[in-house]
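Here is a short tour of a fold, meant to be read with the model open beside you.

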Amino acid sequence: MTDTPESSPAVLGLPDPAGLNEFEALPPEQWAGHRRILLELFREHIYGQPPAVEPTITCDLRERVADACEGRATRHQVDIVLGEGALRLGALIFVPNDIASPVPAFAGLNFHGNHTVDPDPRIALPRAWVASNRAETGCDSNTASDASRGLAAARWPVERITGRGYAVATLYAGEIDPDFDDGFANGIHALERDPRGRGSGGTIAAWAWGLSRLREAMATIEGVDPSRIMAIGHSRMGKAALWAAAEDLDFAGAISSGSGCLGAALSRRCRGERIADITTRFPHWFCGRCADYADREHELPIDQHLLLGLIAPRPLYVASADQDHWADPEGEFLACVHATAIYRKLGRSGLGLDPSDDAMPPALPPLNRSVGHDVGYHIRPGHHDITPLDWWHVLNFADRQLKRPGH
Ligand code: GCU
């Protein structure tokens, strides 16, 4: 008996609900139809529908100072206002000074407030609920305080990002939807039109929706190129970034770090966090039907390589860490391998590795080596986090994929 490579679609039983395997190449107009089928399946079975709210926003510029990053960047604080002001999302946007033309950009959500990203005391504290965790949020009252200013700065190397010629923007996810199981009574859900059902979106869909509003707000800022804004996120915010770029074709691409279960990792491997774990601990993140797949991953009509495929042909980068077993780094890598089949059908190279090319499954690349083309991947030593080293790889990838002569 010959061993079948563990990564092969046959062993994992990876589904092909849109019939993509029948095509050698997909003309763009045909891909649109297949893409819609896949998107609807992800909505129906995992993330749910986007929030049923009026999408129109207005932007209220609260602050614009040119002295950020020791005078090398301009910081904007913008309130993204929904409806008559029923919800205000505070965006923090940095744009490099001294640029000849609009620059590409990253848009990502933060876990505990914009003030954790940069210690400058002029950055507004969030108004929304924050987790009571003294180490990370400096509070035990669900109210943000000065104690957590700058605590997440290592995850947001703003000087380095702007120094490399990119704008970067962030928004506190809890302002879109607080991260606890509250019966969808607050945040954006409080503004929803219809009664909720099993197919309604959960918190990840709400965060993804909010990321699109952040993208729109960035597009109003001088110096940002609206056609080159990538969604980025770590862990649960990585899941949101991938889903945002799947839902919103105006994102130029997506970057996930340690997004794991129902992010970049293949569910059918059943390694690390499983659907039973995630839907028990975080029942509010997904649509009602998702929990039906607890211990029944093989019955899902899709798997996460197809979520990555929904980002095609736009650039996609996936980052893992070798000790982050909960996020199943190998499952993240293999999802990139299998998503490459879609990139190839669209005339792109993807990761440049195709499981059908070789008898053996593609192996994880060596630590710290970034591989791929329009799909990029690296695994670094260490734990669940997004570090300056991850950003360094991401910036190199963005240089290759998004930069134009001059910028
Ligand atoms: C938990 C959760 C993960 C998530 C992570 C995070 O570990 O189980 O799915 O990605 O939190 O957001 O840090």
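## A proline in a loop

Pro 313 sits in the loop that links α10 and β8 (316-321). The peptide bond between Ala 312 and Pro 313 is cis, with an omega of about 0°. Keep in mind, as you look at such details, that this is a predicted model.

## The sheet

Follow β8 onward and you come to the sheet. What is the order of its strands? The open sheet is formed by 10 strands, arranged β1-β2-β3-β5-β4-β6-β7-β8-β10-β9, and the pairing is mixed. At the edges are β1 (57-67) and β9 (371-372), each of which pairs on one side only.

Strand β7 (residues 253-257) and β8 run parallel and are joined by 4 bridges. Here Ile 255 is found opposite Tyr 317 of β8.

## Helices across the strands

Helix α7 lies across β1, β2 (73-82), β3 (87-96), β4 (103-110), β5 (167-172) and β6 (224-234), and runs at about 145° to β4.

Helix α12 (residues 388-402) lies across β4, β6, β7, β8 and β10 (375-380).

Just after α2 comes Gly 48, with a positive phi of about 85°.

## Positive phi beyond glycine

Glu 70 is not a glycine, yet its phi is positive, near 55°. This residue belongs to helix α3 (residues 68-71). Is Glu 70 buried or exposed? Its relative accessibility is 66%, so Glu 70 counts as exposed, the cut-off for that class being over 50%.

Asp 328 is another non-glycine residue with a positive phi, of about 50°. You will find Asp 328 in the loop between β8 and α11. Asp 328 counts as buried because its relative accessibility is 5%, and buried means under 20%.

Note on methods: Residues are numbered from 1 along each chain as its sequence is written. This is a predicted model: local features need pLDDT of at least 70, side-chain atom pairs count only at pLDDT 80 or more; totals for chains, interfaces and linings use all residues. Side-chain values use heavy atoms; hydrogens and water are left out. Helices (H or I, at least four residues) and strands (E, at least two) are DSSP runs, numbered from the N terminus. Buried means under 20% relative accessible area, exposed over 50%, partly exposed in between (1.4 Å probe, protein chains only). Two strands pair if DSSP finds at least two bridges between them. Contact means heavy atoms within 4.5 Å. Axes are lines fitted to C-alpha atoms, for helices over the stretch in contact, and angles run from 0 to 180 degrees between N-to-C directions.
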